Amino acid sequence: MLKEIQDCFHRNKVLYSKHAKTEMETEEFGMIKEEEVAQAVIDGKIINEYLDDDPYPSCLIYGKSKMNRPLHIVSAYSKEEDVAIIVTVYEPDPAKWIEFERRKT
């Protein structure tokens, strides 16, 4: 799924949910720009999969912007429409994550 999502970013076939846009604008660590999301996805990796999500399976991608800002992006891929859908985006709180890849217990 990651390759398809990354390909969509390269081809500018990305849709942001209203929720994702709101989260990006109101992020507690500072506004997140679409270019930061693209950078994080293109160089990112999947750290969790949600294969039973409806209407499309989704995944949690961890990546960093060119300014080294860590981001988590929940994204889905629609085969029918050949588009990546950004469900939500946030900067993970280092107090809650181990190296931004595993939740602390």
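Tutor: Let's begin with N68, which sits in the loop between β3 and β4 (70-78). Keep in mind that this is a predicted model.

Student: OK, what's phi doing at N68?

Tutor: Phi is positive there, near 70 degrees, and N68 is a residue other than glycine.

Student: Where does N12 sit, and what is its phi?

Tutor: N12 belongs to the loop between α1 (2-10) and β1 (14-16). Its phi is positive at about 60 degrees, although N12 is not a glycine.

Student: Is N12 buried or exposed?

Tutor: Exposed, because its relative accessibility is 70% and the cut-off for exposed is over 50%.

Student: Switching to peptide bonds: which residues does the cis one join?

Tutor: D54 and P55, with omega at about 15 degrees. P55 is in the loop between β2 (45-50) and β3 (58-64).

Student: And I32, where is that?

Tutor: In the loop between α2 (18-26) and α3 (34-42).

Student: Buried or exposed, that I32?

Tutor: Buried, because its relative accessible area is 3% and buried means under 20%.

Student: What does I32 touch, skipping neighbours within four places in sequence?

Tutor: I32 is in contact with M24, E27, V37, R69, L71, V89, Y90 and E91.

Student: How far is I32 from K21, C-alpha to C-alpha?

Tutor: Those C-alpha atoms are 9.0 Å apart, and the two residues are eleven apart along the chain.

Methods
Residues numbered from 1 in each chain as written. Predicted model: local features only at pLDDT ≥ 70, side-chain atom pairs only at ≥ 80, totals over all residues. Heavy atoms only, no water. Helix = DSSP H or I, 4+ residues; strand = E, 2+ residues; numbered from the N terminus. Buried < 20%, exposed > 50% of the residue type's maximum accessible area, 1.4 Å probe, protein only. Contact = heavy atoms within 4.5 Å.
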